[in-house]
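Open your viewer and get your selection tool ready.

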Amino acid sequence: MKIIIIGAGIGGLAAAISLHEAGLRDVTVYERSAAIRGLGVGINLLPHALRELTELGVADAIAELGVEPRTLAYYNRFGQPIWSEPRGRDAGYRWPQLSVHRGRLQLALRDLAEARLAEPIRLGHRLTGVTTNVDGTETARFATDAGPIEATADVIIGADGIHSAMRALRYPAEGAPPWSGLTLWRGVTRIPTFLDRRTMIMAGDGEQKFVAYPLAPADADGRMPVNFIAERRVGGTGEADWNRAVDPGPIAEMFDEWRFDWLDVPAAIAAADEILEYPMVDRDALPQWTFGRTTLLGDAAHAMYPNGSNGGSQAIIDARTLAFHLATSESIDAGLAAYEQARRPAMTALLAGTRATGPERVMQLARERAPQGFADIDEVIPYAERVQIAADYKTAAGFLPEVLNERPSLTPPSAVAR
Ligand SMILES: Cc1cc2nc3c(=O)[nH]c(=O)nc-3n(C[C@H](O)[C@H](O)[C@H](O)COP(=O)(O)OP(=O)(O)OC[C@H]3O[C@@H](n4cnc5c(N)ncnc54)[C@H](O)[C@@H]3O)c2cc1C
């Protein structure tokens, strides 16, 4: 089975490795960029993604790039604690959570893919069209510096991100990703350690928020690299460009009063080398991913808000699920149908849950019920309600510890035997 993957991002590279491990070896990846430069800032990989990377045999290579957060803690805009929960292995998962620089993750996946694939990644190839042939194969057309080229395969996987060309070919009237009206400023800063050095924090509410997590252990000087996302409802265009750099000064000023006794938010923002501005956009759920023998994967299929830290993780699970079904189904069409059945309804539910603020609902409730802060959080949001909000999101995202720990592996039996 000849397979083409469009896009060498997190999902496309994970798909290439997954297909290879599942015994599908005739795989070529086409990427629009002329070089894979490892762009971005931090990204979280949740235990359900670490399970897949572990079963692919690449988790150790990835784990050394980041740190395992032990706790996720939510605060109001005054730095008062609302909710905290253990994460990763401390929460009972058999696999850790990992905070990692997206660019380093992408480069590591590229190296792992290139070590396995027979064909090099075809850089500088931008998908422009796809045609279904009479024999059921699919032909992709690419724009390159040397002019247009074509490539034909039995399956084409569109893993080309939130601005997916493959998706636009199937849904030409869809237009730009819808914008929530919130703007995100993402950066990496070096600041003194806070809390237990292994806690991911979220402070604020639906109007203004600050998220931060360490990306590496502290140096001898007691400072550590911390990824942050500052978020606020401001004007703007909502145009989604991952690489738009802005001046940290005005962003730090917006958070001027957010000086907690455990974290100085404006100082953290001001110390960033670079801040990237990005609108909080996602994609509507789709009624169909698979057309002929083409399908969608990762952000191309279901780009979601970052508030559940789930975009990269779900792309990796798509990759493993697709490889499993293509390797184990009686036909290509049956494999693609099984993939879509396994993933699309689940991602439709997750997109809806993430739009409804996902696990951050506790912060919104704290703001609505106690806008000036509180003396006792139990009087604002009872403990049982906080527990329920956290559990509801994990159920929707498929990562309740007992469910994930017990679920059958996505490694095909034939690959286990090899
Ligand atoms: C430059 C960049 C920076 C990012 N930074 C962050 C970050 O800091 N934090 C975070 O959480 N998420 C970030 N993301 C998004 C994150 O990687 C995804 O949300 C998630 O990992 C799902 O991955 P994906 O493979 O579906 O999409 P992506 O990782 O976005 O990968 C899509 C790939 O497809 C390629 N592509 C696009 N169009 C075409 C085409 N027509 N033909 C061929 N190739 C094409 C792109 O160049 C890209 O390499 C970033 C994405 C990009 C592209």
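**Start with the domains**

Colour the chain by domain: the centres of domain 1 and domain 2, taken over C-alpha atoms, are separated by 26 Å. For domain 1, select 3-176 + 283-357 + 396-417, and for domain 2, select 179-281; these bounds come from an automatic or database domain assignment. Where the two domains meet, 31 residues of domain 1 are in contact with 34 residues of domain 2, contact meaning heavy atoms within 4.5 Å.

Before zooming in, please note that this is a predicted model, where local features need pLDDT of at least 70, side-chain atom pairs count only at pLDDT 80 or more, and totals for chains, interfaces and linings use all residues. Residues are numbered from 1 along each chain as its sequence is written, and side-chain values use heavy atoms, with hydrogens and water left out.

**Next, the ligand**

Now show the backbone atoms. A backbone N or O atom of Gly11 lies 2.7 Å from an oxygen atom of the ligand, and one of Ile10 lies 3.2 Å from a ligand oxygen atom. At Arg32, a backbone N or O atom is 3.0 Å from a nitrogen atom of the ligand. How much of the ligand does the protein bury? Taken alone the ligand exposes 920 Å², and the protein buries 90% of that (Shrake-Rupley method, 1.4 Å probe).

**Then a helix pair**

Select helix 11 (residues 361-369) and helix 13 (residues 383-397), which pack at an angle of about 145 degrees with their axes 9 Å apart. Helices are DSSP runs of H or I with at least four residues, numbered from the N terminus; axes are lines fitted to C-alpha atoms over the stretch in contact, with angles from 0 to 180 degrees between N-to-C directions. Show Arg361, Val362, Leu365 and Arg369 of helix 11 against Glu385, Arg386 and Ile389 of helix 13 to see the contact.

**Last stop: Leu400**

Leu400 sits in the loop between helix 13 and helix 14 (401-406). Leaving aside neighbours within four places in sequence, Leu400 is in contact with Tyr93, Ala391, Lys394 and Thr395.

Terms used: Polar contact = N/O pair within 3.5 Å; in protein donor to acceptor, adjacent residues only side chain to side chain. Helix = DSSP H or I, 4+ residues; strand = E, 2+ residues; numbered from the N terminus.
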